[in-house]
Amino acid sequence: MWDRISYIPDGGRAVVDLHSRAFVVLETTMSPVSMDTYLRVVSPHLAPVLVDEEAWSRLHAVAALLPPCSLAGLELRLRENQPKVDFFVRLSYFDPALPPAFLAHPVWRALQRVCEHVARPSGRLHGHVSRLFLEFDLDAPPSSVPTPGLFLVLDTSRTVVPSEMLAIADALGLFKPNAGMSEATLDRCMAALPPAAKLAHIGFMLSRPGHAVRLVIERMPASAVSQYLDEVGWRDPARQLSEVVGDLAGRADAVVMLDLDVADEVCPGVGVEFYVRRETDNVPRWRALLARLVERGFASPTKVEALLAWPGFTGRRNDGESWPPNLEAGDLAFRGLARSLFWRNLNHVKLGYRPGREPEAKIYLGFGHNWFPIGTPADSE
């Protein structure tokens, strides 16, 4: 989902451990800054056509409530007149540093318990879950205690039994009683997976109505999407999704990520995530994918041009510009060894589809902070 930088221009291919625990601890414990401090470093690089004033207001409001997180993302709609922008952060489960007001809310208390069970060697999620992401829907201005969606990033080297994971989630208080979840449907979704495909994430859409669980499947061959959906009981009489996936996959990687919402059955809405993983210079491939979205009427040409100006690096300047003070200790510790930079990338395109409706294209932009070793391409930025 957000594993590594996938589009940095001009050959900036530094190999970076985006999941370094030491870096996360340095960033989250040195001073009481908020995630908004990080957001403001990168916000000048997004054109108003992508994020308008109202969307920025909501983003800054929710980011100001959160502790600093070394990786975050924005979800943008690609058609004209679709100004909504949602926000993602990767939450440190070692010490999430949640505000006291949050812990008075049952959802956030459950999230705190999840963090504890991931971090502790004796925890029920330890070894099963590698990372946690929070998603904030910003259809309206966020409340003082916003309710996020939770994504558990699974260790795919282990065998995952969804019913077991759901029992754990139930024990941690993430579900309401009698949520109407069908273990048989979940097991059917797992049994039908192609050989290389894996259940990568489980999502709990806590801010949305209903009780469906989001399954995010990685390494799904684009050519196998339609057959897989047929086998798990999802129906698309017009076969529109099959045609669109085949078309877009010709401009992206041959494997996709598939998003399913599962309750007593597989829900009508599905999502297909298209990636352009970095091998050589992938700018032409990104341009080709985005151009095809424009040709099909799924994306605005002006938004696409603005998106291609987003990726890159932002370093500390000597002009008095504010720099997150919680990074000072790390900047000092790595002086002469690594350069402190915020990176910005295009992560993936997601096609949302519900039978009988027009597909909706979204793009996910990533940003975060890392110390890049001296001598790597990022160091020249």
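Reader: Before we look at any side chain, what does buried mean here?

Author: Buried means under 20% relative accessible area, while exposed means over 50% and partly exposed falls in between. Take glutamate 75 in this predicted model: its relative accessibility is 2%, so glutamate 75 counts as buried.

Reader: Thanks! Since the model is predicted, how should I read the confidence? What is the mean pLDDT of the protein chain?

Author: Where pLDDT is low, the predicted coordinates should not be read in detail. Here the protein chain has a mean pLDDT of 87, and 86% of its residues reach 70 or more. Over residues 2–31, though, the pLDDT is below 50, and this stretch has 92 contacts in the model beyond near neighbours in sequence.

Reader: Good to know. What does the overall picture look like, in secondary structure and in burial?

Author: The protein chain has eleven helices and eleven strands. Of its 381 residues, 55% are buried. Its accessible surface is about 15800 Å², and carbon and sulfur atoms hold 52% of that. As for contacts with a separation of 6 or more, 74% are between residues 24 or more positions apart.

Reader: Back to glutamate 75, then. Which side chain does glutamate 75 meet in a salt bridge?

Author: The general idea first: side chains of opposite charge can pair when their charged atoms come close. In this case the partner of glutamate 75 is lysine 362, at 3.2 Å from N to O. Glutamate 75 belongs to strand 1 (residues 71–77) and lysine 362 to strand 11 (residues 360–373), so the pair ties together parts that are 287 residues apart in sequence. Lysine 362 is buried too, with a relative accessible area of 15%.

Reader: Which residues are linked with Glu75 and Lys362 in a network of salt bridges?

Author: The network also holds Arg77, Lys84, Asp86 and Asp139. A search of the whole structure finds 23 salt bridges.

Reader: Could you show me another one? Where do glutamate 265 and arginine 188 lie?

Author: Glutamate 265 and arginine 188 form a salt bridge, with their closest N and O atoms 3.1 Å apart. Glutamate 265 sits in the loop between strand 7 (255–262) and strand 8 (266–274), and arginine 188 sits in helix 6 (residues 183–191), so this pair ties together parts that are 77 residues apart in sequence. Glutamate 265 is partly exposed at 43% relative accessible area, and arginine 188 is partly exposed at 30%.

Reader: And how do I read a salt bridge inside one helix, such as that of arginine 292 and glutamate 295?

Author: An α-helix has 3.6 residues a turn, so residues three or four places apart point the same way. Arginine 292 and glutamate 295 are three residues apart in helix 9 (residues 283–295), about one turn of the helix. Their closest N and O atoms are 2.8 Å apart. Glutamate 295 counts as exposed, at 56% relative accessibility.

Reader: You mentioned strand 7. Is strand 7 largely enclosed or exposed?

Author: Seven of the eight residues of strand 7 are buried, so the strand is largely enclosed by the rest of the structure. On pairing, strand 6 (residues 213–221) runs antiparallel to strand 7, joined by seven bridges; isoleucine 217 stands opposite leucine 258 in strand 7. Strand 7 also pairs with strand 8 in the antiparallel sense over five bridges, and aspartate 259 stands opposite glycine 271 in strand 8. A hairpin of three residues joins strand 7 to strand 8.

Reader: What do the buried residues of helix 8 pack against?

Author: They pack against helix 7 (225–231), strand 8, helix 9 and strand 10 (338–353). Helix 8 (residues 240–249) has buried residues including Leu241, Val244, Val245 and Leu248. Valine 245 has a relative accessibility of 2%, so this residue counts as buried. Leaving out residues up to four places away in sequence, valine 245 touches Ala222, Val272 and Phe274.

Reader: Last one: how many residues does the largest nonpolar core have?

Author: The largest nonpolar core has 108 residues, and Met35, Phe87 and Phe274 are among those with the most contacts inside it. Helix 4 (residues 106–119) gives the largest share of this core, seven residues. Apart from it lies another core of 15 residues, including Phe151, Val153, Met205 and Phe372. The contacts of methionine 35, not counting residues up to four places away in sequence, include Ala63, Leu66, Phe87 and Phe367.

How values were computed:
Residues are numbered from 1 along each chain as its sequence is written. This is a predicted model: local features need pLDDT of at least 70, side-chain atom pairs count only at pLDDT 80 or more; totals for chains, interfaces and linings use all residues. Side-chain values use heavy atoms; hydrogens and water are left out. pLDDT is the predictor's confidence in each residue, from 0 to 100. Contact means heavy atoms within 4.5 Å. A salt bridge is a side-chain nitrogen of Lys or Arg within 4 Å of a carboxyl oxygen of Asp or Glu. Helices (H or I, at least four residues) and strands (E, at least two) are DSSP runs, numbered from the N terminus. Buried means under 20% relative accessible area, exposed over 50%, partly exposed in between (1.4 Å probe, protein chains only). Two strands pair if DSSP finds at least two bridges between them. Accessible areas come from the Shrake-Rupley method with a 1.4 Å probe; for residues, only the protein chains shown count as cover. A nonpolar core is a set of buried Ala, Val, Leu, Ile, Met, Phe, Trp, Tyr and Cys residues joined through side-chain atoms within 4.5 Å.
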